Amino acid sequence: MVQKKDAEESKTKKLADPVAATIDLASQQMIERAHELGIETAFDRAVAMKPCNIGTQGICCKNCGMGPCRLPLPKGGIEGEDTRKGICGATPNTIAARNFIRMIAGGAAAHSDHGRSVAEVFMSAARKETDAYKIKDTRKLLEVAQWLGVDTTVAVDGQQLDRDTDEIAVEVGEKALNEWGKAEGELLFAKRAPQSRYELWKKQGVVPRNIDREIVEIMHRTHIGVDQDYKNLMKQGTRAAIADGWGGSMLATDLQDILFGTPYPVASEANLGVMKEDMVNIVIHGHEPVLSEMIIAVAQTRKMEEYAKSKGAKGIQLSGICCTANEMLQRHGVPLCGTFLQQELAIITGACDAMVVDIQCIFQNLANVAKCFHTKLITTHPIARMEQDNVLHIEFDEHHALEDAERTVKLAIDNFENRGAEVMIPTQKSPIVAGFGVESVEYHLGGTFRGSYYTLNDNIINGRIRGIGGVVGCNNVRTKHNEGHIRIVKELIKNDVIVLTTGCNAIACAMEGLLTPESAKVFCGPGLAEVCETVGIPPVLHLGSCVDNSRILLAAAEVVKAGGLGNDISELPAAGSAPEWMSEKAISIGHYFVASGVYTVFGVTLPVSGAPVFQKYIFEEFEKLYGGMWDLEVDPIKHAHKMIAHIDKKRQALGIDRTRERILVDMAARRELESA
Ligand code: NFS
C-alpha cells in the first residue's frame, strides 16, 4: 500500500515539472503520479539539489587529508600566468587529469569486473561444474580461441584434426581469465584493432599489459605525490581505457555470446507500457546476463506459467531496465521497460511484483520507492547490496543458479495477489527490431551469399551513407530525459549518417520508434532511407549493452578491413557521441573511442572546464597523437553537426566528398527536370 508522506513536507518540497523533466509521455505521467502519491524520484531530487560548481569543473582534489583543495576558475577566466595550486602544489591540470583518469579507472573496473564474472561462469560451464550454463555458440568459441592463441586443431598421425570443443572451451576460459592479471606480455585482443592502430598504440607506449594492472596503476599514479604531469597521467588513462574497450568489455561480449548465443535481429517492444496489469511483472535491472538468462529460462517453463495462473495471473511478463534490458532483448526479444531514469517509475506503476537487480546503475532510492508499494526488491550480487531492511537478498551462484532463479520468480508470483489499488501502467510502447552485431551487419548489408562489409563500404563511398555515428550512453537527470538522445540521432539520420547505438541511448531510440525499418522513410535523408529500405534494416542499429560497445569497435575494424576507406579507424567518416552521459563507465567508453581514433562528443558537461590547458590537450592535441579527440556540445543540433562536420572532413581526406555531392546534385537536378 502507498504510505503517503507527510503532506506538509511534500508541499514545501520543490518538485520536478514532469514536462520539463522528460520528453517521454509515459515518464511524464509517472512523475505526476509520483507527486500525487507523495513519492520522491530522482527528477525531484535534481530540482532540490544543485551540482557542485567546483566539482563540475573537475578541479576539486580530495586525494589526501590536507584538502579537499578547490581551485575554481576565476570569473572572467585566467589572465597571464595560472597560479592556482593545491596544498601540495598540484596544478589545475594535474588535478583535472587525476580526476579524469580516476573516472576511467572506475568505468574500466566496472566493465572489466563484469567481464571477469562472466569469464568465471564460462570457466564453470566449460569444466561442466554447472548444469545451468552451457556453451551455445561454438562458431564464436572457435573464432575467439584464435585471438586468445588457443589451438582449434590437433595433429594426430601427421594429420590436423579438429580439436575437442570442450577442451578448447576450457583453454579459452583459462586464457581469457589470464588477461586480467598475467605477469608478462600484452593484452591479446589489442591485435584485433587494425594493424596501423595497434602500431600507433605501440609507438605511444599505451598497449595494455593486462586489464587489472592498468586500473591499479591509475590508483597508484593519482595517489598524493606520484604522477604530476597531466600528459603522462592521460597516457595511463589511455592504456586503461584500451584495456576496457579492447579487453574487459570485449571479453564480456564475446564470452556472453558464446554462453548465451550471438544476437541476431529480433522484434520486440519498448517503454513502460510493456508491463501488463493482468500478469506477474518481473522487472530485471542491472547488467550481467548471467542473472537474467536464468530468470528467463525459469520464467518460461510451463511449471512457472501454471503457478502464475494458479495465483490468478494470466502469465509472467518479464521486462528490463538499463543494460540488462538490452542483454535480454538482443538474445530473447524480452521487451525493454525503460532507461536508467525510468527505474523508479517502473515501480510507481504499482504493477511491479518484483524488481530483481544485480550490479551497476541501480538507484539506492529504489528501496524507498518499493516501500510505498507491494514490490519485492531483490538484490542478487554479493558486491551490490542495499542497507534498507525491505530489500531481500538472494545471492546468485552459478552452481545453483536455476534454483535461485526459481525462488526469485516464485516470490514475484506469490506477490501478485498483494497488489494494491494504485496500479497505473502508461499505455506507451513502441515496436522495435534489435539484436544487431558485427555478424548480422555483415549478413544484412552483404547479403546471404556474400556476407561482408563491402556493401556498407560501397554505400559510404558512393555517398548514400554519409558516415557512421556511434551514439551511446546513459541518461542524466541534469538534462531533459531522452531529449539529447533523440534530437541528436534524428539529426544524424536526417543527414544520412547511419547510427550504431547501445546502452540507454538504444532504449531511448527504441521508445521513440527509431528502431524499425519503417522509420527510415520518415526520418532519414534520401541516401540512408534508400539503403535501409532496400536492405530492410532500421537506420539506427541496436548493438546491445554498454559492454557491447566493443561490437562498435569491431565493426569499425571490419569496415577498415573491407577496404576503400583508409587504413585505420581514424580515417573513417565516423564519430562518437554520448548525449546524456553520467557514469564513469561512459568516460571510459568515451576515452577508448578517442584512443581508437574516433572524434567523440559528449553532452551535458565534462569535468575538465576548470583546467583549460588540460581541456585543450584532450580536445585538440589528442588528435595529433591518436587521430581521435574529445569534445563537449550541450546543444543537440550543434552536437550532431559537429559530428557531421567531422564526417565530412574525413570524406574529404579520403577523396570521396565529391561522390556525395554528385548524388545530391543528381537528385536535385532530376527533381528540377521533373518540375520544369
Ligand atoms: Ni551504460 Fe548500462 Fe545506461 Fe549508462 Fe548505466 S545502464 S552500462 S552506464 S545508465 S548507458
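1. C546 is placed in the loop that runs between β15 (540-542) and α24 (549-562). The model under discussion is predicted.

2. Through its SG atom, at 2.2 Å, C546 is the only protein donor of the nickel atom of the ligand. Around that nickel atom there are 4 donor atoms, and the angles they subtend run from 91 to 163°, which makes the arrangement irregular. For four donors to count as tetrahedral, all angles would have to lie between 85 and 135 degrees.

3. Which residues come nearest to the ligand? Among the 13 residues around the ligand, these are H287, C323, C361, C504 and C546. By class, the shell is made up of 8 nonpolar, 4 polar and 1 charged residues.

4. Two helices, α14 (322-332) and α21 (503-511), each contribute at least two residues to the shell around the ligand. In terms of domains, at least three shell residues come from domain 2 (266-418) and at least three from domain 3 (440-654).

5. The partner of β15 is β14 (residues 497-501); the two run parallel and are joined by 3 bridges. Within this pair, L500 stands opposite L541 of β15.

Terms used:
Residues numbered from 1 in each chain as written. Predicted model: local features only at pLDDT ≥ 70, side-chain atom pairs only at ≥ 80, totals over all residues. Heavy atoms only, no water. Donors = N, O, S within 2.8 Å, 3.2 Å for Na, K, Ca; no water. Tetrahedral: all angles 85-135°; square planar, octahedral: opposite > 155°, others 65-115°. Helix = DSSP H or I, 4+ residues; strand = E, 2+ residues; numbered from the N terminus. Near = heavy atom within 4 Å. Nonpolar A, V, L, I, M, F, W, Y, C, P; charged D, E, K, R; others polar. Domains from an automatic or database assignment. Pairing = 2+ DSSP bridges.
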